[in-house]
Amino acid sequence: MIPYATALPDAPAARRLRIALLLGVSAALLAAPAVARQVAQTPAPTSPNAYEMDDEAYEVDALTVTASRQQPGSVIGDIPPELQLTPRDIRAYGVSTVAELITALEPQTSSARGGAAGGRPVILVNGGRISSFREVRDIPTEAIARVDILPEEVALKYGYRADQKVINLVLRRRFRATTLEAGARLPTQSGGGDTVDVRLNQLRIQRDNRFMVDAKVSDQSELYETERDLAQPRSDAAFRSLIPRQTTWELNSVFSRPIKDGVSGTVNASLEGSDSTSWLGLNTLATGPLRRQSESLTGHVGGGMIGAIKGWKWSVTGNAERGKNDSTTERVISGVAYRDISNAISTSADVQGDLSGTLFRIPAGAVSSTITGGFETVRLESDSVRAGAARSGELSRDTGSAKLNLDLPLTSVRNDVLPGLGNLSLNLNLAADRLSDFGTLTTLGYGANWSPIEKLRVIASVTRDQGAPSLQQIGDPEQLTPGVQVYDFRRGETAVISRLTGGNRALREEEGRVIKLGLSLKPFDKTNLTLTTNYTNSRTDDLISSFPTATSQIEEAFPERFVRDATGRLVQIDARPINFDRRQTDELRTGFTFRKAFGPQPQPGRFRQRQAQAQAGAPAAGQPGPTPGPASATSEPPPPPGVDGAPPATTPTRPQGGERGPSGFGPGGFGGGGRGFGGGGPPGAGTFQIGLYHTVKFTDEIVIRPGLPTLDLLDGAALGSGGGTPKNQIDLQGNVSRNGLGAGFNARWQEDTVVRGSGGVGAQDLSFSSLTKVNLRLFADLGAQPALRGKPFFRGARISASVDNLFDARQTVRSPDGATPITYQEDYLDPRGRVMRVSFRKLF
């Protein structure tokens with residue numbers, strides 16, 4: 001038995017983390033000028049892969065893809081984007097980083113092929129692979145020239161599985177800014193749960209040269225049960241937290257530059273840490289609460305190289321990561337105190353290379369191929385002490401993989417091969433993964449890409465694949481959490497139990513089959529309207545799943561997972577992952593996206609005219625020139641310092657001709673041609689966007705084991721605590737911006753569901769209401785406002801206010817008598833409710 005301390009000392013983890021963060025930020029910022037000078041002094045690449053971009057080309061209302069001219073930074077192949085965003089479109093979302101933008105684009109990027117929640121999109125930069133999402137997640141959105149959103153089939157051309165949509169980020173040629181942002185998230189209900197965060201970012205881009213360092217720290221206060229209006233509160237509610245106290249910090253850096261002969265390389269390093277404390281109830285043997293304290297620290301190094309040889313593009317990426325997670329949990333069992341310990345160390349490394357190009361040409365076009373090979377090694381070490389009994393484990397997995405993707409054109413309008421049929425191509429993809437602990441797993445996919453007319457595209461595909469459980473699903477250390485409230489469907493009452501979590505070494509691999517038919521239509525030439533519809537049918541055998549809601553049917557299927565006392569009361573649930581026999585789903589997702597620019601539009605050639613004026617010695621925006629008259633409400637605001645062509649806050653004398661400015665970033669120091677915050681536009685220019693998507697589930701069934709009843713998640717069964725699968729879901733998103741002011745919203749409605757508690761004395765059904773959540777965001781670019789123009793501090797400054805769950809909507813759960821079970825009270829399901837966030841952001 002582990003000796004017990006009456007109260008865990010407040011470990012100095014948070015203090016150590018903050019000190020480490022400050023040291024890391026200091027070192028990074030001290031090194032930043034030297035690295036930035038190296039970036040600035042690196043000559044521009046002369047390889048055929050380098051491309052030039054006039055930033056003004058991305059300020060037009062509609063970006064079109066034609067067969068005769070491919071846009072800079074486009075992806076491999078002939079599948080056009082489902083949606084493209086210009087800098088003005090991006091600015092209308094009012095978000096600060098790539099990570100926030102990806103979240104905002106969730107309605108457009110969700111994929112049914114990645115499971116119930118869809119796979120996270122694949123991220124590319126300038127049409128090329130990256131080693132990991134860490135490379136781009138912290139990039140300010142002002143540095144983005146274009147965003148392409150593409151269907152899942154494009155992922156195959158980069159060696160990924162076809163269960164994720166693709167987002168291609170095209171960065172500006174030149175960008176330099178230091179960004180500081182601070183914000184606070186506050187629930188509108190009284191009590192705790194507040195979060196304060198601060199971020200500091202420095203980014204410099206000079207064509208293919210890129211340097212970034214980003215640091216972020218956030219602190220979340222705890223929220224106790226006594227701070228919410230709970231019915232029948234527990235006697236020790238003052239010693240139970242609904243939200244833990246948590247401190248997190250992140251330090252991330254990226255350095256990318258051309259190496260030699262058209263080869264570019266990128267190095268990424270990051271360090272992340274967190275510590276949290278939860279209160280689990282009253283310690284009956286000593287004053288104070290029972291606590292769970294958790295700490296984590298993860299270090300990551302990644303990188304890659306890209307290039308081309310004899311018309312074939314190649315890339316190599318690699319990552320190495322080590323993470324450590326420690327937790328201690330206090331418990332009292334039969335008057336005896338224990339401190340359970342859980343420690344886990346995960347170490348992983350991977351390398352992957354891919355080669356893509358044209359194998360040969362046939363009359364209809366080029367037969368192209370992507371060949372991918374890789375190796376990954378993962379090691380998980382864990383040990384735990386539960387109720388005085390020690391356990392330890394060690395798992396490792398080595399995986400070798402090979403993938404082949406082929407695209408074969410059959411008809412072509414451009415090449416005059418059966419032009420009456422439009423453009424038609426076939427795809428075949430094969431993959432094999434050799435796992436040291438599961439043997440060989442294979443993937444076979446095939447499909448067709450057909451565009452009978454320019455405005456219409458149809459994509460059909462079939463994929464069969466096998467997947468192994470992760471090492472975490474197999475080998476996570478066991479952890480028993482006391483005092484967990486669950487609803488006992490068999491007895492029709494709320495039970496207070498101990499929940500066992502961790503890995504399950506008995507898990508088997510799963511095998512899936514996905515059929516998809518997708519259609520994309522752009523019916524008008526001058527109206528930016530895109531209609532999409534996707535039908536997906538999937539079946540997964542031996543489905544790997546987290547343990548579902550403990551209904552009577554689940555207890556009958558897995559009786560060994562439930563422990564009841566002599567009176568029949570539920571006291572413990574083993575919630576480790578399981579295999580179901582199979583799952584079958586059918587769904588149809590249909591929607592549209594409409595975008596409209598209004599007001600004065602940028603004129604083509606404006607960027608080059610200003611360049612010519614600068615080279616001729618004429619004053620440019622922000623430079624000394626004729627004394628202007630009084631600013632009017634319609635005069636164009638100057639761009640913020642450092643943003644893609646803007647002058648510094650203290651304007652130096654402009655060099656003549658091609659002479660480098662003081663920073664080495666071209667004439668005036670920065671180059672580019674920015675027009676306001678994030679590349680604005682003429683005064684009065686604005687944009688409006690709206691997207692609406694409807695998802696209907698026709699089938700969602702699970703067979704637990706052969707011979708047992710089928711679970712219908714659309715009618716009576718459930719996997720999670722939020723009820724069954726909604727048959728219908730609607731996502732609505734819209735935003736508008738003009739003259740530095742913007743507003744955006746997104747809303748999601750889900751249909752009501754029911755969970756049946758058939759079986760057992762007192763068993764009851766539970767009904768889960770429909771739920772509509774609306775999030776609102778408002779922002780103002782202060783430097784663009786008439787009252788603040790001409791004041792240097794406000795150039796590049798933005799203030800934002802957002803409200804998550806604007807109407808404080810909560811899902812209500814009712815038993816047949818209209819009562820709400822204790823564990824399903826609104827404040828248990830959603831302790832925060834409506835949350836406001838206010839932030840200030842400044843680009844220097």
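How many residues lie between β29 and β30 in their hairpin, and which residue in the turn has a positive phi? The hairpin has six residues between the two strands, and G707 in the turn has a positive phi of about 90 degrees.

The structure is a predicted model, in which local features need pLDDT of at least 70 and side-chain atom pairs count only at pLDDT 80 or more, while totals for chains, interfaces and linings use all residues. Residues are numbered from 1 along each chain as its sequence is written, and side-chain values use heavy atoms, with hydrogens and water left out.

**Strand pairing around β29**

Strands are DSSP runs of E with at least two residues, and helices are runs of H or I with at least four, numbered from the N terminus. Two strands count as paired if DSSP finds at least two bridges between them. The pairings of β29 (residues 686-703) are as follows.

| Partner of β29 | Bridges | Sense |
|---|---|---|
| β28 (residues 582-598) | 17 bridges | antiparallel |
| β31 (residues 728-738) | 11 bridges | antiparallel |
| β30 (residues 710-712) | three bridges | antiparallel |

V696 in β29 stands opposite L588, and its bridge partner in β31 is N728. For E701, the bridge partner in β30 is D712.

**Nonpolar cores**

A nonpolar core is a set of buried Ala, Val, Leu, Ile, Met, Phe, Trp, Tyr and Cys residues joined through side-chain atoms within 4.5 Å; buried means under 20% relative accessible area, exposed over 50%, and partly exposed in between, with a 1.4 Å probe and protein chains only. The largest such core comprises 30 residues, and V136 and V147 have the most contacts inside it. At least two of its residues come from each of β1 (83-85), α3 (98-104), β2 (122-125), β3 (144-150), β4 (166-171), β5 (174-187) and β6 (195-206). The largest share, four residues, is supplied by α3.

Leaving aside residues up to four places away in sequence, V147 touches L83, Q84, L85, I90, L101, L105, I167, N168 and L169, where contact means heavy atoms within 4.5 Å. Another core, of 21 residues, lies apart from the largest one and includes I573, I578, F580 and I702.

**Surface patch**

β17 (423-435) and β18 (439-453) each supply at least two residues of the patch. L355 lies in β14 (residues 336-362) and is partly exposed, with a relative accessible area of 32%.
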